[in-house]
Amino acid sequence: LCGRKRSFPVLSYGCGGFLAVCLTLTGMPALCVSGAEPAVSAQSCILMEAVTGEILYEKQAQEQRPMASTTKIMTTLLCLESGDLDTEFPVDTDAIHVEGSSMGLVEGDIVTKRALCYGMLLPSGNDAAGAAAVKLAGNYAAFAEQMNQKAAKLGMTQTHFVTPSGLHDDQHYSTAYDMALLTAAAMQNETFREICRQPSAKVCFGNPPYERWLINSNKLLTMDETVVGVKTGFTDEAGRCLVSACVRNGIMLICVTLNDRDDWQDHERLYDYGFGQLTPAEVSFPTDWSIAVAGGTAQQVTLIPEGTIVAGTRDGKAPALEFQLETAPFLYAPVTAGQDAGTWKALCGGRVAAQGRLCAGESAVYQKKSAAPQQQSWWKRMLQKIKKEKNRKWKKFEFKSCWQMPAIVPGGRQNS
C-alpha cells in the first residue's frame, strides 16, 4: 500500500447504485459507495490516499503541465517552515507590483509572514507570494532555488518552479502526481491546515495595520463540509486548476485536477468514488518510547505521541509504517507531564506520511544534590598534618614511659 498502485478492482453498478454505511473489523464506520470510475473532464488528474500514497484514480497524472496558482502551496509551506510568523515588517515595493489576483497590498504596508500566508491561500494573492519570496530569499531567483530544493526533497521529480505565484513561464511546470505529493506534505503542517480550510478570515495588515476580511476562492469549502482545503489556480495557459483535500471517517484523500473546466463537480465525483473503495484503519504507535532525564528523581520518562494516524485501506488493515523520533539527548529536570519533548515522523515507503509532537508522559521532580565537602586551604591541611605527627610522637613517648626496667639483685642476677 505504500507504493503507487495503478490497477485495482472496480465495483460496477447499474442506474440503481446505492449508498451504505458498513461497520468494519476496526469498529469504525466506513462509507461505502458502489460505482464505476467517474468520467472526469480534466486534462490531468489524480486521487491519492494521503497516508499510504495509494493512487485510487489517475488520468495522465505524470504529464507535465502549468499549474497556475496552486504553486502557492509550495510558497506558503516554505514561508511557514521559515518560522517567526508574527514579526511585522514592511513589504518590498517591487515584489507587490505584480499582475493578477491580490490580497490588497500597497507600498509601505506592514505585514507578517502569517498574514502573507493567508493572503496566498485565501484570495490567491500574487502580491503576497512576491512579498514572501523576497522576504525569505531576497529575490525571485533565489526563492525559486529554495522551491526546487524542497521539491526534490519531496520526490517531485517532474516539477520545476520559476515564480512564487504561478504566473506563467514556459519553465514553470509540474504534474498532478507531484502536486499531490506536495499537498500531502503541506497538510502535515498544522498552521497550513488551519489556514487553507477557512472560507474567510480576518487578517491584520496595512500602514498602520488594521483588520480586514479575506475571502477564500475555493468554493468546495462551502459546497462540501468534509473538504478541508487546499488551493485554486487559473491562467490562460494552465486553464482551471484545483487541488483539494477531503476527510471522511478519518481518512484524508487528496485530489488534483489540471486544466479542468468542471473542476468543482469532478472533485466531488472523485471523492464519492474514492471513499467508497476504502475502510479506515488506525495505526498503533509503539509503546516503548522514552527519553533520559538529567538531574531528576526518575532516570527517564515515557514519550507520548500527539495525534492519531488513520489510513484508508481496501482491506481495513493498518499499513506498516516506520517511525522516526527527533528529540534532544535528554530532558533537564524538572519535567512536567505533557511538556514538549520532540517530534515523531511516520514513514511509508520512505515518504513522510504523517508527523506530530512528542510529549513527556509523566513528571520528574528535580533532585537536589547534597553539598560537597569544602576543600581546605593549604595552611589548614599543613596544621592538621603537624597535629597528627605530634599526636603520633606523644603516643610513642607514653608507650616508652610505661615500660619498666627489670630489678637487678646482688650477684648480677635478675630477679624474676
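**Exercise 1.** In this predicted model, find which residue lysine 135 lies over, and at what distance from the ring centre.

*Solution.* Lysine 135 is placed over the face of phenylalanine 89, at 4.4 Å from the ring centre. A second case involves arginine 212, whose charged end sits over the ring of phenylalanine 205, 3.7 Å from its centre.

**Exercise 2.** State how many aromatic pairs the structure holds, and classify the pair of tyrosine 271 and phenylalanine 275.

*Solution.* The structure holds seven aromatic pairs. For tyrosine 271 and phenylalanine 275, the ring centres are 6.1 Å apart and the planes stand at 35°, so the pair is tilted, given that planes under 30 degrees apart count as stacked and those over 60 as edge-to-face. Turning to location, both residues belong to helix H9 (residues 263-275), where they are four residues apart, about one turn of the helix. Tyrosine 271 is buried, having a relative accessible area of 0%, and phenylalanine 275, at 3% relative accessibility, also counts as buried.

**Exercise 3.** Describe the geometry of the pair formed by phenylalanine 285 and tryptophan 344, and determine which parts of the chain the pair ties together.

*Solution.* The pair is edge-to-face, with 4.9 Å centre to centre and 75° between the planes. Because phenylalanine 285 lies in the loop between strand S12 (279-283) and strand S13 (290-294), while tryptophan 344 lies in strand S18 (residues 340-348), the pair ties together parts that are 59 residues apart in sequence. Phenylalanine 285 counts as buried at 17% relative accessibility, as does tryptophan 344 at 2%. Finally, ring pairs link Phe285, Trp289, Phe323 and Trp344 into a cluster.

Terms used. Residues numbered from 1 in each chain as written. Predicted model: local features only at pLDDT ≥ 70, side-chain atom pairs only at ≥ 80, totals over all residues. Heavy atoms only, no water. Phe/Tyr/Trp six-rings, centres within 6.5 Å; stacked < 30°, edge-to-face > 60°. Helix = DSSP H or I, 4+ residues; strand = E, 2+ residues; numbered from the N terminus. Buried < 20%, exposed > 50% of the residue type's maximum accessible area, 1.4 Å probe, protein only. Lys NZ or Arg CZ within 6 Å of the ring centre and 35° of its normal.
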